[in-house]
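Q: Could you walk me through this model? I would like to begin with the overall fold and then look at a few single residues.

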Amino acid sequence: MPVKPKWEQLADHIRNQIESGELAPGDQLPSTAQLRAQHGVSTTVVRQAILVLQTQGWVQGVHGLGVFVADR
């Protein structure tokens, strides 16, 4: 079985945190720099993971403020 790309692994991790209640609606996600450091990935990987989660409705970005867990 092929290994998932890093952005997909990160998106899965954040999605699992939301589903488990570790991150609740309205909670702010860590910054791109924090996610990069925590997971040992590049800025591109973090941005791709966040973009996928936004597209799926898990999170929403607020310009100038950050990325927050969406109210599902």
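Q: How many helices and strands does the chain have?
A: The chain has three helices and two strands, where helices (H or I, at least four residues) and strands (E, at least two) are DSSP runs, numbered from the N terminus. This is a predicted model, in which local features need pLDDT of at least 70 and side-chain atom pairs count only at pLDDT 80 or more, while totals for chains, interfaces and linings use all residues. Residues are numbered from 1 along each chain as its sequence is written, and side-chain values use heavy atoms, with hydrogens and water left out.

Q: In what order do the elements run?
A: Starting from the N terminus, the order is α-α-α-β-β.

Q: And why does the chain count as being as compact as a globular protein of that length?
A: Its radius of gyration is 12 Å, close to the 11 Å that the globule rule gives for 72 residues, so the chain is as compact as a globular protein of that length. That radius is taken over C-alpha atoms, and the rule is 2.2 Å times the number of residues to the power 0.38.

Q: What box do the C-alpha atoms fill?
A: Taken along the principal axes, the C-alpha atoms of the chain fill a box of roughly 35 × 25 × 20 Å.

Q: Now the strands: do S1 and S2 run parallel or antiparallel?
A: Strand S1 (residues 59–62) and strand S2 (residues 66–69) run antiparallel, and four bridges join them; two strands pair if DSSP finds at least two bridges between them.

Q: Which residues in S2 are the bridge partners of Gln-60 and Gly-61?
A: The partner of Gln-60 is Phe-68, and the partner of Gly-61 is Val-67.

Q: What is in the turn?
A: S1 and S2 form a hairpin with three residues between them, and Gly-64 in that turn has a positive phi of about 85°.

Q: Switching to the helices, is Gln-17 buried or exposed?
A: Gln-17, which lies in helix H1 (residues 6–20), counts as buried because its relative accessibility is 17%. Buried means under 20% relative accessible area, exposed over 50%, and partly exposed in between (1.4 Å probe, protein chains only).

Q: What is Gln-17 in contact with, leaving aside its neighbours within four places in sequence?
A: With those neighbours set aside, Gln-17 is in contact with Glu-22 and Leu-23, where contact means heavy atoms within 4.5 Å.

Q: How about His-13, what does that residue count as?
A: His-13 is also found in helix H1, and at 35% relative accessibility it counts as partly exposed. Although His-13 and Ala-49 are 36 residues apart in sequence, their C-alpha atoms are 9.8 Å apart in space.

Q: Where does Pro-5 lie?
A: Pro-5 lies in the segment before H1 and counts as partly exposed, with a relative accessibility of 35%. Its C-alpha atom is separated by 28 Å from that of Leu-65, which is 60 residues away along the chain.

Q: And Asp-71, is that buried or exposed?
A: Asp-71, in the segment after S2, counts as exposed at 71% relative accessibility. Between the C-alpha atoms of Asp-71 and Gln-38, which are 33 residues apart along the chain, the separation is 25 Å.

Q: Back to the whole chain, what share of the residues count as buried?
A: Of the 72 residues, 32% count as buried.
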